[in-house]
Amino acid sequence: MAETDNTRMWQTEQQIHRVERVIRERLARLPVGKHPALRWRAKQEGYRDYVFGAKAGPKVDVQNIFHELGHAAEFGAENFATRCVEGSFYFKNRWIEVLGQRYVEHRSAQPTIREIRAIGYQIHFMELAGCKMHRPLLASSIGSALQYMTDWWHVPGEGDAERKANIVLAIMDFSEKIQPQEATDRLEGWLDATTRRWKRQKIDPATLGGING
């Protein structure tokens, strides 16, 4: 049984190609779907070389790329210079050294709050792209994964169950406060800032790889 379960974690090339097709179709529905800086790659994790990735862990998934777009919107154009370092997202952390080992130390739940906001934008992008979803279920599914964040103990709540519940409520609250146009505008601002940097640094986006459109 264990071998069968492990096999299910991995995708065949045919499965990945199907996901790629869906991603292309979904991104095309976004108001910024034809933006020259909306470049993506299925088998890449995170945001690197100005390219959004659709992979998280062993799996390529539509949801993953919308989460990366959510981070771009959360940062926004106003933070592009400090949050896009050498073409990659830069997440600030405070490091301490204990017995010669370096550890991340948080004094608040700011990293989790940042994720909550990114998920809120992600929800709007998925809806704009025509993804079939139920907001509370998506918020619960993604929110549960935040228990592995390094600032987990700063999340309000008595015990893991209450912390998870508070995160889901925060995701729902933030997604309801913002409008689709605001989410789109913030993502477009990030993408516009990207093209301005390319022009300033004489970067040819064709050399970055990934798919555009």
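1. Helices (H or I, at least four residues) and strands (E, at least two) are DSSP runs, numbered from the N terminus. By that rule the protein has 8 helices and 9 strands. The model is a predicted one, in which local features need pLDDT of at least 70 and side-chain atom pairs count only at pLDDT 80 or more, while totals for chains, interfaces and linings use all residues. Residues are numbered from 1 along each chain as its sequence is written, and side-chain values use heavy atoms, with hydrogens and water left out.

2. Of the 213 residues in the protein, 41% count as buried, where buried means under 20% relative accessible area, with a 1.4 Å probe and protein chains only.

3. In soluble globular proteins, nonpolar side chains tend to be buried together.

4. Trp190 deserves a separate look. Leaving aside neighbours within four places in sequence, tryptophan 190 is in contact (heavy atoms within 4.5 Å) with residues including Tyr47, Phe52, Phe75, Arg83 and Phe89.

5. Among contacts in the protein between residues at least 6 apart in sequence, 67% join residues at least 24 apart.

Key
Buried < 20%, exposed > 50% of the residue type's maximum accessible area, 1.4 Å probe, protein only.
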